[in-house]
Every structure is written in structure tokens, then in C-alpha cells.
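Work through the exercises below with the model open. Each task is followed by a stepwise solution.

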Amino acid sequence: MAGNNIGNNGAITIRNAIRENKESALVKLKLSDRGIAAEIERDINERVKTRFADALNSDRKAPLNRLRLMFVGQGRAGKSATVRSLLGKPFTPEWDSTVGADVSEGMISENRKWMKPDQRGDFASRFAVRLMFTRADDDNEKRLVQKSKPNGSVNVESQGDMKSTTTANMITLNDSKKKVEDDEDKSKFLQDTLEEDKRVQPRTEPNFKPTEKVNHDTDIMREYDEKLILDAKHDADSLTLSLWDFGGQQVFYSMHHLFLTKSGLYVLVFDMRELLDPHTRNGAKTYLLFWLRSIKLHAPSVSIVLVGTFLADIMEEKGNLQVIDKILRELTKGSFAQIRVPGEVEVDELIYFPIDNRERFRIDQLRRAVEQCARDDQSVLQEVSIRSMAFLDSILSEKQKQKAYLTFSDEVKQLGTNVGVPSIREQEEALAFFHERGFLIHMTSTEILKNIVVINPQWLIDALS
């Protein structure tokens, strides 16, 4: 606002516009030395932090926009090289074969660029700022803030279990409808609205229930950061991927079933040269069938993307791609409906994606296919509450103490209670969600395993390998 002498009247207009605007958020506003009363400027900037605090202490939900992406296939087929290609990393010919599995993360930005995720800030804070941009429907918004009662008290109800898959909502405080017509009225208007704002405070309950507002700051200090808003705007349209690169050596197959999840996207990688060579074709088909059947057993409804590697080595002879396609269609005929080839990136009417990691052939097409499949996956749209994200923060913060796992009975239950998730059922549901998304490992097949929450998945994989 530099150079614009808007005065108190203009500042009041800005303040009221911030109240009404449901589609944007103020990051920071500096009005000093522009003829603005200090209390107005302070009021405007404090409203931003108030909205952040309200979102942080709400019970609202939104999609996490995160999916687990699993790369499987025969050893030396090029799984790790494919992961590196998707992430834009250079090809390394001397790359050692993956032992057990390798876990990493990637992000697809709103402009379809693959990159390393920005880990700045805790999950709950970033999630809260995202909710500041989420528009609630009219009925829910009316429940947020009710007009002052005759005795002057203000009743602010809990937001409950809001759906928030659409965009842009800000917590709206009561607005005076007084008309400002002269300087005396302006001064009185300013004083009245400032006094009213002091009275508008969220209701807190000492003995909360799972659906009530809770204070997430019990053990985790959260500080409003201007950069959080900019990051949140990117997060809302970005997609985070938990990448699991499974070793292809047969010795590891017995442990892989421990880490295969019911949701996510599977990328089955194979060496096209092996399918073309009569001496290795049967073995290659055996490996493909093994993985197709394993995925169908553990995750019958997930999508599978077939990826053939070493394109540069086979493309000289015309018709090789069609030969491989025929083999794959015969192999998967009638039994594996999960195989996906997104229409807009379909390659030569093939049911697989031929690529070359060394030469970077057709990597962009594979990126678009993986992104489309991932965004089409219904599990990406599954909503999670901000209280659950605070629960996740409290669990993962234990990594700073060099812990690889926590006990559910002694540690995780208390962490959940500290951040407002006291229900055992709610904690278990949250852990199952975090397990499926690749944040941690929580197996529930036996009571002993159920009591162990592995917060460093790579540690467990390395130990078993």
C-alpha cells in the first residue's frame, strides 16, 4: 500500500473486505505512516493470525492429497532408475540393486513438475492454512459464528465434521451494519468494532470429546508463518507421493507382502529385452505373473501401470513394441482388470509404457500417466481431520529423539490424548490411514505387532533385509 494515503476510512474498508472475502487470504499488510491508526493496522494483521488459530483448533477435514506409489518387478529391470527418472534425477549406470526396499518421497506440483517435497513446517500448521482457503457450505458457515445474544454474549459453535473438498473459506466474524458518514461516526464505528472483536472468542471445553474443539498446542508449539500461506496454496493443488522401490531379488519376496498396501498405485517394471529373447521369455513372464497375482491378492482394486525399460536397445527392429504388447495382453487376459493406460497419454495403443531411463525416452509420457492415475485414485480424496494431522506430527516428532518405533500402549496413546485424539478407535483409524499413505508402518495381524508403531519405515526394511 506504499504511496497510497488511504487513511482510517480506507483501512476500515480493507478490514471489512477481509471479513467478507472467502476466496483469498492476506499474507501481510503494512500500512504504517499512511495516516492509519495503529489499532486498525494491528487489527487487520491480527485477523489473519486469528483465522489461522481458528482453523488449527477446528475439527474440519480436507483431502490430504497423498498417495503411496509402489515399484515392483524382477531384479535389474530398472525400477530404481525409473524412480530416479520420474524425479528428474540423473541416470547412474553403476547404481547398486535395491536391497529389500527403498523409501523416498516426491511431489507433483500444480504445474505438473515432479520435485522433492518441501518439509518446512509441521503437517498440522500447513493443513490449517489450507483450510483457511476452503469454502464451507452456507449451512456450515452459519454454524461457525452466531450473532451476539441480547445480553451481549457470543456463541461460537464447533465446526464439526465439515466437508471441504471445494475451495476457499475464512472464518467470518460479526460485522456491524452501521453507516459511516462522518469523522465522528468513523471514530465511534472503529471503537465499537474493536470492542466487539475482543468479545468474539472461540468457546473452549475443559473436558473435550472427539468432535469438540481442542487445543493442538499442548505439546507442539505452532507459530504462524507468512510462508505457510504461500506453501499451502501450492499444497492444495499438489500431490505428494510416498515412493516404495521394492528389491527384485527373489530372496526378498517373502518379506514384500508385509509392505504391500490395499490402496495406492503399483508400477510393475520389466525389462523388454527379456520378453523378446526366447531364452529368457518364460522366466520374465513368470516374474510378471508373480507380481500381478501378488498385487491382485493384496490390493484387488488398485490400479497397475506396466512399464517396459531399455527402449533404446530394442527400437531398431520395427514391430518389437507390438510383439511385447501381444505377449502382455495374452498374459493378462481376463484376470487383471486393474491395468491402466490413461487415454490421454496412450502410447501406440499399447497396454504398457515403453521407456528408456538412460536416454530419457518417453519419461514425460510416463509422468503424465502416473499423475493421472494417481489423481484419479479415490483414496487421494479421502478426507482427514486437522486433529489427525496434529496426531501425526506428535508421532513423527519422536524421530528427533532417534527413535525408530513407538509402543502403542505406552507412548502413542498418550501422544494422541495430548493433541485431542483420546479415543482408541480414532487413534487406530488414524494409524491405519497413515500406514496406507506411507508415513509409518503399523501392522495389526497380531497383538504384539499391533503394539508397535514403526515411525521410520526404512529402519524396519533394512533390519528385515
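Two strands pair if DSSP finds at least two bridges between them. Helices (H or I, at least four residues) and strands (E, at least two) are DSSP runs, numbered from the N terminus. The model is predicted: local features need pLDDT of at least 70, side-chain atom pairs count only at pLDDT 80 or more, and totals for chains, interfaces and linings use all residues. Residues are numbered from 1 along each chain as its sequence is written, and side-chain values use heavy atoms, without hydrogens and water.

**Exercise 1.** Find the strands joined to S2 by bridges.

Step 1. Six bridges link S2 with S5, and the two run parallel. Arg 68 has Ser 242 of S5 as its bridge partner.
Step 2. S2 also pairs with S6, in the parallel sense, over five bridges. Here Leu 69 is partnered by Leu 265.

**Exercise 2.** Is S2 enclosed or open?

Step 1. Apply the cut-offs: buried is under 20% relative accessible area, exposed over 50%, partly exposed in between (1.4 Å probe, protein chains only).
Step 2. Arg 66, Arg 68, Met 70 and Val 72 point one way; Leu 67, Leu 69, Phe 71 and Gly 73 point the other way.
Step 3. Eight of the eight residues of S2 are buried, so S2 is largely enclosed by the rest of the structure.

**Exercise 3.** Describe the largest nonpolar core.

Step 1. A nonpolar core is a set of buried Ala, Val, Leu, Ile, Met, Phe, Trp, Tyr and Cys residues joined through side-chain atoms within 4.5 Å.
Step 2. This core has 41 residues; Tyr 352 is one of those touching the most other members.
Step 3. S2, S5 and S6 are among the elements that each supply at least two residues. H10 gives the largest share, six residues.
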